[in-house]
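Good morning, and thank you for coming. Please look at the structure as I speak.

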Amino acid sequence: MAAFPDPLTFEKEPRTDLHTTSSSLQRSSQEDVTTSIDPAMDRRVVRKCDLFVLPPVFVIFMVTFWDRVNIGNAKIQGMPKELHLKGQQFNIATMILFVPFILFEIPENILLKKTKPYIWLTILITGCGISNMAMGFVHSYSALLGVRFLLGIFESGIGAGCVFVISSYYNRYELPSKLAIWYLSGIAGAAFGGLLAYGIVRMDGMAGYSGWRWIFIVEGSITAVVGLTMYFWLPDWPEGTSRRFLKPDEHAVLLARLKADRTSSAQMERWDRKRVLSDWRIWIGTLMYLCVITSTYGTSFYTPTILVEMGFTAIHAQLLTFPPYACAAIFCLTFCMLSDRFKHRYGFLMGGVCIGTLGYSILLAQSSNPHMPVGAKYFALFPLIAAPQIVQPLTVAWMMNNVGGHYKRAFASACQIGFGSGGGIIASNIYFTADAPYFRVGFGVSLALLLLNGVLATILYFSLKRANKAKAEGKQDHLLHGKDADNLGDDHPHFVYTY
C-alpha cells in the first residue's frame, strides 16, 4: 500500500494564474513530507494502527450489532406469544430502537469529539449490554418498548463513533478496506448471533426462563463485559497524549501522514454552520445510507422469520443464518479492498447494487411461482445479504473521503449514520406477518431503495467530477481571499474529491 494517497489530493497541474506560486509551494511542502518518511516506518505505523485501533472497534460493533438484531432470533422462539403481542406490535418494538438514532446520533458524536474514545464508548457499550439483558426480564409490550428505546439511546452513538475513530487514524485511500474490516464485525454479529441463539435456546426452562429470554440475558451480559474492557483497550485520538501505542518517532510519522493526506489548507477546525449544513453532498450521502440500511436491517431482523416460512424449524433457522453471512463477509472484504487498490468507489458500489437486485428478484418471483424450490429461495439469501454489506461500507467511506476538516467529518459521520438509520424504521415496518410467506412489500421496498441508492450514487459521481473540473479551472480560487480562507474544509480549491 502506498505511503500516501493519490496525488489527486492536490492539483494535478499548476495553473498559470495568481495562485500558481501558492499551489506549487503547497505541493512542494507535501513532497518534502512524503519523501522524508521511511517507507518501512510508514508500513510499521499502519500495521500498528491495524493492531491497536481496528480490533477494539471490531469487537464493539460485533457485540452491539447482535444486541440490535437478536429480537429477530427471539421472535421465532416464542417471544410474541409470551408477551401477547398483537398486530404490528412486534414491528413497532423493532422500529422504536431507531428513533433515538435520529435524535441523539449527532450530539453523541460531538460529545465523543470533546472527550476520549475509551471513556465515552465504554459508557455507551456497557449501557447497551445492560439494556439488552433487561429485555430478558420484560413481561409486557410497554416494558419491551421502553427497554428498546433505552437500548437505542446507547446504541445511537456507537456506529458513527467507531467510523469517526477509524477515519481519524487512516488516510482517504486506506479507509474503505479498514471500514470493510470493521463492517465485517456487523456481519459477524449477525452470523454468530444466530449460532449463539442456536445454542442458547437449549437453556429453555432453566431457572424458569424461556429460551428467548436467555438470548437477551446471555448476549447482553457478554456486551456489558466487553464494554467494561474497552476502558482499558481503546486508544486515544491520534493527537492525544494518553494511550499512545506508538513510539515518539512513529507517532510523529502518523501525524505527518494524516496531515499530508488532509492538507493543512483543507481544514475546518472552527464550526461553520452555513458551510456544513449547506453541503448537499452530506445529505445525498445520508439518503444513500438510508436506502442501503433498509436492506441491512430488513435481512438482519427477518432472515430467521423468512427461513421459518421456507419450512425450516425455528432451531434450524437460527443455524442456517450463518452461511449467507459468511459469504457476505467475503464479498464485503473483496469489493472494498479492490476499491482501495483502484482508488475508485462508484463502480464497486454499483456492483453491490446489481448483486442485491438478483437476490430480491428471485424472492419476488415466488408470488408467480409458488412451487419455487426451497434451495432456490435459500440461494437468493446469499446475494440479498451480501449486497448491503458491500454497498454500506463503500457509501460511508465515500462520504468520509470527501469531507475535509475535523468538525465537518464529525458532523458528516453522525448525520449519515444517525439520520440514515431511519432506514431501520422503514425495515421494521415493511415485513408483515400477513404478507408471509412471500413478503412482497418487504422485498419490493428494499429492492426499490437499493436501486435508488444506485441512482443517487450516479448523481454524486457526476457532481464530484464536475466539482473537480471547476476547481481545476480556478472557479473556486476566490475563496482563498475570504475571511474564512483557513477554514474552508473540502471547499478549498486544493482539495480534490474522490469518486
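Predicted model: local features only at pLDDT ≥ 70, side-chain atom pairs only at ≥ 80, totals over all residues.

Residues are numbered from 1 along each chain as its sequence is written, and side-chain values use heavy atoms, with hydrogens and water left out.

Let us begin with the helices, which are DSSP runs of H or I of at least four residues, numbered from the N terminus. Helix α16, residues 322-342, packs against helix α17, residues 346-364, at an angle of about 155 degrees, and their axes are 10 Å apart. Axes are lines fitted to C-alpha atoms over the stretch in contact, and angles run from 0 to 180 degrees between N-to-C directions. The two helices are therefore roughly antiparallel, a term for angles over 145 degrees. From α16, F331, F335, L338, S339 and F342 make the contact, together with F348, G351, G352 and I355 of α17; contact means heavy atoms within 4.5 Å.

I turn now to the cores. A nonpolar core is a set of buried Ala, Val, Leu, Ile, Met, Phe, Trp, Tyr and Cys residues joined through side-chain atoms within 4.5 Å, where buried means under 20% relative accessible area (1.4 Å probe, protein chains only). Which residues touch the most other members of the largest core? Among its 141 residues, they are M79, L179, W182 and W398. Helix α18, residues 374-401, supplies the largest share of this core, 16 residues. Apart from it lies another core of 6 residues, including A197 and I217.

Terms used: Parallel < 35°, antiparallel > 145°, perpendicular 65-115°, else oblique. Buried < 20%, exposed > 50% of the residue type's maximum accessible area, 1.4 Å probe, protein only.
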